[in-house]
Amino acid sequence: MNQQRVYYFDNNATTRVAPEVVDAMIPFLREQWGNPSSTYGFGRQAGEQMDGARARVAALINADPREVIFTSCGTESNNSAIHSALTTQPEKRHVLTTAVEHSANLKFCELLQKQGYTVTFLPVAPDGGLDLELLEKSIRPETAIVSVMWANNETGVLFPVRDIAAICRRKGVLFHTDAVQTPGKLKIDVRELDVDFLSLSAHKLHAPKGVGLLYVKRRVKYQPYIVGGGQERGRRGGTENVASIVGFGRAAELAMASLRDESRRVRALRDRLEDGILGGVPGTSRNGGKEPRLPNTSNIAFDGIEAEGILMLLDQVGICASSGSACTTGSLDPSHVLTAMGCTTARARSSIRFSLGIYNTEAEVDYVLERLPGIIARLRASAPGG
Ligand SMILES: Cc1ncc(COP(=O)(O)O)c(C=O)c1O
């Protein structure tokens, strides 16, 4: 089969595994496949390599390696942080979060509601921002944890997590942030942010799917979510995914080395794409404030047409983009993020997210800018009343 060239603009859904990461992982699939918990040398060697990876991911977020728990994904990390806060403080049965979190958080909170916990989902402004006064007022004596994402996966809008952490500190409440969309795009410093818990996922950082981490600040009580063997110092049962963890460590190292240059380069490409669309395609506008925002994300509404049609025609010319998050794409529901920002259903259904990454080039951006106006004009001409 003749494979069409792929123009990948969906890096918030997942990222290409970096060749350097694949190279780092292969020995752990081929030769060094020992169990890191085994006491003999062959197993211990795998354990030592895992310790190296732990040090590398810890360095990425300026944590102590002992504060890092490897998990299976960002979803598990989010669920685990909230679960721990509730089980270590059984008298506190309230969770404070926002209406625009990823389903990895929202669906867990909805499940908690069914189990009798109370959850407050804070609203957002039309630009996607949060009202911190309202956040502070919404913290109750029975609030076990405040969980607010750092960067929105759909719009790229950033929440001021450092300020939120300071409010939580003042109020004596635990604070978790879902930082899954930030590595490689923003500098992450858990000490400076002063958060209690922070979630990451390797596959958003050019490492494989199926591995994540939860940062748990030293001296914060922790109750494991996955219970079994004594892995991860008794904090997460289950034999570790050594090869992927090693890959995660290598990806962290690469991201640290290139963060400043790459985030600047990707931002310039994103702005070229966004300005090109807003200036070159009539009836378009951005969803979410311009700043503060991730440097790689652009979410655009195309008046009068459905995102599904746009994505289909983009796909025909090899361009990958998305509407909403990958996990909800395919459902007919309009994005909960855009709806929470006050977008009409029609606008939410006509919006596309482009998310760039380190492998995108200017030529690829120009290819999208070349193809898109024709696609939009064609869809508008065939739309009812077009
Ligand atoms: C903000 C955010 N949180 C959590 C997740 C879930 O991560 P994972 O796919 O590793 O479970 C994602 C994935 O899209 C995300 O964008």
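Student: In which loop is the place of Pro292?
Tutor: This is a predicted model: local features need pLDDT of at least 70, side-chain atom pairs count only at pLDDT 80 or more, and totals for chains, interfaces and linings use all residues. Residues are numbered from 1 along each chain as its sequence is written, and side-chain values use heavy atoms, without hydrogens or water. Helices (H or I, at least four residues) and strands (E, at least two) are DSSP runs, numbered from the N terminus. Pro292 is in the loop between strand 9 (284-286) and strand 10 (297-302).

Student: Is the peptide bond from Glu291 to Pro292 cis or trans?
Tutor: Most peptide bonds are trans. Here omega is near -5°. The bond from Glu291 to Pro292 is cis.

Student: What is phi of Asn62?
Tutor: Asn62 lies in the loop between helix 2 (41-61) and strand 2 (68-71). Most residues other than glycine have a negative phi. Asn62 has a positive phi, near 60°.

Student: Is helix 1 roughly parallel or antiparallel to helix 9?
Tutor: Axes are lines fitted to C-alpha atoms over the stretch in contact, and angles run from 0 to 180 degrees between N-to-C directions. Helix 1 (residues 19-30) packs on helix 9 (residues 242-280) at about 155°, with axes 8 Å apart. Angles over 145 degrees count as roughly antiparallel, and those under 35 as roughly parallel. So helix 1 and helix 9 are roughly antiparallel.

Student: How much of the ligand's accessible area does the protein cover?
Tutor: Start with polar contacts, here pairs of N or O atoms within 3.5 Å. An oxygen atom of the ligand is 2.5 Å from an N or O atom in the side chain of Lys204. Accessible areas come from the Shrake-Rupley method with a 1.4 Å probe. Of the 390 Å² that the ligand has on its own, the protein covers 90%.

Student: Which residues come nearest to the ligand?
Tutor: A residue is near if one of its heavy atoms lies within 4 Å. There are 13 residues around the ligand. The nearest are Thr75, Asp178, Gln181, Ser201 and Lys204.

Key. A polar contact is a pair of N or O atoms within 3.5 Å; within protein, one must be able to donate a hydrogen and the other to accept it, and residues adjacent in sequence count only if both atoms are side-chain atoms. Angles under 35 degrees count as roughly parallel, over 145 as roughly antiparallel, 65 to 115 as roughly perpendicular and the rest as oblique.
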